[in-house]
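Please keep the sequence and the three-dimensional view at hand while reading.

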Amino acid sequence: MVTVDRPATSAPPAAAPDGAAEPGEALDAITLGRRIRAHRRRLGLTLDTLATAVDRAPSQISMIENGKREPRLSMLRLIAAALDTTVEELLRTDAPSARAALEIAVERAQRGPVFPALGLARIRVGPGQPDETLQTILTLHNEIERLHRERAATPEEARRANAQLRAEMRARDNYFPELEAQALELLTAVGHAGGPVSHQVVADMAAHLGFTLHYVGDLPHSTRSVTDKRNGRIYLPTEQAASRDSRSPILQAFASHLCGHAEPGNYADFLRQRVETNYLTAAILLPETDTLRLLNDAKAARRISLEDLRDAFSVSYETAAHRFTNLATARLGIPVHFMKVHESGTIIKAYENDDVQFPSDALGAVEGSTVCRSWTARTVFDVPDRFSPWYQYTDTPAGTFWCTSRIEKAKEGDYSVSVGVPFAHVNWFRGRETPNRAVSHCPDESCCRRAPDDLSGRWAGQAWPVARTPTSLIAALPTGTFPGVDPTEVYQFLEAHAPA
């Protein structure tokens with residue numbers, strides 16, 4: 001559906017039988033743009049003429065026609081009227097011509113994961129490109145994608161599921177109003193009056209839902225809690241790690257009950273349930289109304305800080321960072337990205353709706369990839385001061401991004417948790433005055449993904465590293481000689497320590 005005037009990120013929908021958009025179907029911005037262009041040219045109108053008719057700049061109409069921006073419904077009505085057609089006609093999912101269908105397919109291919117993964121520059125798809133050229137590009141793209149899918153095994157299936165779920169989260173700006181409503185209903189039911197949610201309030205929630213809490217010393221080592229659904233009992237460990245929030249296991253145990261989760265039928269179901277459980281848990285610990293009050297006040301003062309959010313609700317930094325991404329775009333109008341990175345450089349979790357270019361494989365999977373060594377999520381590991389937040393600007397091919405990052409400890413090692421925004425939105429945050437700056441050329445392979453030729457020539461085939469990445473993550477890593485290992489880092493180490 002047409003909703004907001006913003007950069008287009010939604011995946012293309014399947015065509016309805018008659019070519020008309022079905023109710024509830026996601027808008028395909030590229031096809032919409034091509035249909036607008038076809039109607040404009042049919043009438044012999046220029047971009048300037050159409051822009052004047054709808055009282056917009058020609059550059060805005062150009063972005064809509066190129067599928068880079070989704071118009072609001074009110075704008076679409078104006079365009080339809082100026083083109084002597086209807087909104088329904090513009091929203092048809094079939095291409096206006098065979099040539100347009102080819103251009104749309106090539107544009108989709110370029111916006112997919114294959115081009116960035118291979119470091120390919122995008123080409124301008126216009127009338128000057130012969131059909132044969134566009135068809136060749138499309139055929140090569142489809143063959144590369146097919147080969148990757150043929151090699152798919154369980155790890156690849158997991159990465160595809162991660163990529164699809166991340167796209168769904170991006171399409172809704174990582175905001176789940178139905179879960180916000182559930183959190184508010186439960187908080188109201190137990191009489192929560194605002195401020196941090198205490199352990200007693202969480203226990204009252206469990207009782208309200210019909211559960212009793214039982215702390216035992218023999219909980220299975222692989223579990224954080226076990227719920228006996230038949231008898232309404234939640235079993236929890238008697239000992240809690242110092243780094244763990246004792247409220248979270250209780251909330252996560254009954255969050256699945258609130259969400260109506262059944263046993264997951266596949267890995268995609270498992271991931272979606274985990275996202276919903278974690279979201280609902282954070283929405284309870286940081287209630288939307290109270291959290292927005294704090295964040296709006298901080299935005300007005302240009303002092304948004306994740307540390308302040310963490311301290312105000314007595315949660316972990318990671319929980320505060322997750323909660324900020326839930327509300328930043330939908331409720332504060334701030335595009336954002338989030339990363340959790342193991343000290344080995346492996347991305348554990350990632351989310352973006354601000355056009356930052358995460359490293360990915362040709363399937364679009366980010367989790368398991370190695371983040372650029374110049375990004376805040378990696379440079380923070382080299383900062384001696386682990387008490388203060390680390391701020392940094394990073395210049396990338398996609399623009400300049402400001403990030404704030406912290407180190408958190410776990411039994412698998414240290415992790416960095418980072419939240420970032422495009423340069424245009426940094427003025428709302430504390431830490432924007434930082435002089436720390438880095439440059440990243442990723443996804444150019446010469447930046448991080450490939451060792452320099454002279455170094456690789458001396459050490460390729462002569463190194464045998466053992467990955468520091470936790471073994472539980474290896475299965476989800478992209479294939480390679482040594483999954484989870486940065487070969488450039490290994491070669492540099494060997495070069496520095498080799499005998500003269």
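A polar contact of 2.7 Å joins the side chains of Arg37 and Asn66; such a contact is a pair of N or O atoms within 3.5 Å, where within protein one atom must be able to donate a hydrogen and the other to accept it, and residues adjacent in sequence count only if both atoms are side-chain atoms. The model is predicted: local features need pLDDT of at least 70, side-chain atom pairs count only at pLDDT 80 or more, and totals for chains, interfaces and linings use all residues. Residues are numbered from 1 along each chain as its sequence is written, and side-chain values use heavy atoms, with hydrogens and water left out.

- Arg37 belongs to helix 1, which covers residues 29-42. Helices (H or I, at least four residues) and strands (E, at least two) are DSSP runs, numbered from the N terminus.
- Arg37 has a relative accessible area of 12% and is therefore buried. Buried means under 20% relative accessible area, exposed over 50%, and partly exposed in between, with a 1.4 Å probe and protein chains only.
- When neighbours within four places in sequence are set aside, Arg37 is in contact (heavy atoms within 4.5 Å) with Glu65 and Asn66.

**Val125**

- Val125 is located in the loop between helix 7 (114-118) and helix 8 (131-150). With a relative accessibility of 7%, Val125 counts as buried.
- The C-alpha atom of Val125 is separated by 9.4 Å from that of Asn66, although the two residues are 59 residues apart along the chain.
- Beyond its neighbours within four places in sequence, Val125 has contacts that include Arg34, Glu103 and Leu134.

**The whole protein**

- The protein has 20 helices and 11 strands.
- Of its 500 residues, 44% are buried.
- Among the contacts with a separation of 6 or more, 62% are between residues 24 or more positions apart.
- The accessible surface of the protein is about 24,700 Å², and carbon and sulfur atoms account for 53% of this surface. Accessible areas come from the Shrake-Rupley method with a 1.4 Å probe, and for residues only the protein chains shown count as cover.

**Aromatic rings**

- Rings of Phe, Tyr and Trp (its six-membered ring) pair if their centres lie within 6.5 Å; planes under 30 degrees apart count as stacked, over 60 as edge-to-face and the rest as tilted. By this rule there are six aromatic pairs.
- Tyr391 and Trp402 form a stacked pair, with 5.7 Å from centre to centre and 20° between the planes. This pair links distant parts of the chain, as Tyr391 is in strand 8 (residues 390-396) and Trp402 is in strand 9 (residues 399-410), 11 residues apart.
- Tyr391 is buried at a relative accessible area of 14%, and Trp402 is buried at 1%.
- Tyr393 and Phe423 form a tilted pair, with 5.9 Å from centre to centre and 50° between the planes. This pair also joins distant parts of the chain: Tyr393 is in strand 8, while Phe423, 30 residues apart from it, is in the loop between strand 10 (413-422) and strand 11 (437-439).
- Tyr393 is buried, with a relative accessible area of 7%, whereas Phe423 is partly exposed at 47%.
- Phe324, Tyr391, Trp402 and Phe429 are linked by ring pairs into a cluster.

**Charges over rings**

- The charged end of Lys299 sits over the ring of Trp428, at 4.7 Å from the ring centre. A charge sits over a ring if NZ of Lys or CZ of Arg is within 6 Å of the ring centre and within 35 degrees of the ring normal.
- Lys340 lies over the face of Tyr415, 4.8 Å from the ring centre.

**Cysteines**

- The structure has zero disulfides, a disulfide being a pair of cysteine sulfur atoms within 2.5 Å.
- Cys372 is buried at 3% relative accessibility, and Cys403 is buried at 8%.

**Backbone features**

- Most residues other than glycine have a negative phi, and most peptide bonds are trans.
- The peptide bond that joins Cys442 and Pro443 is cis, with omega of about 15°. Pro443 is in the loop between strand 11 and helix 18 (453-459).
- Asp173, a residue other than glycine, has a positive phi near 55°. Asp173 is in the loop between helix 9 (154-171) and helix 10 (177-189), and is buried at 14% relative accessibility.
- Asn174 also is not a glycine and has a positive phi of about 60°. Asn174 lies in the loop between helix 9 and helix 10 and is buried, with a relative accessible area of 5%.
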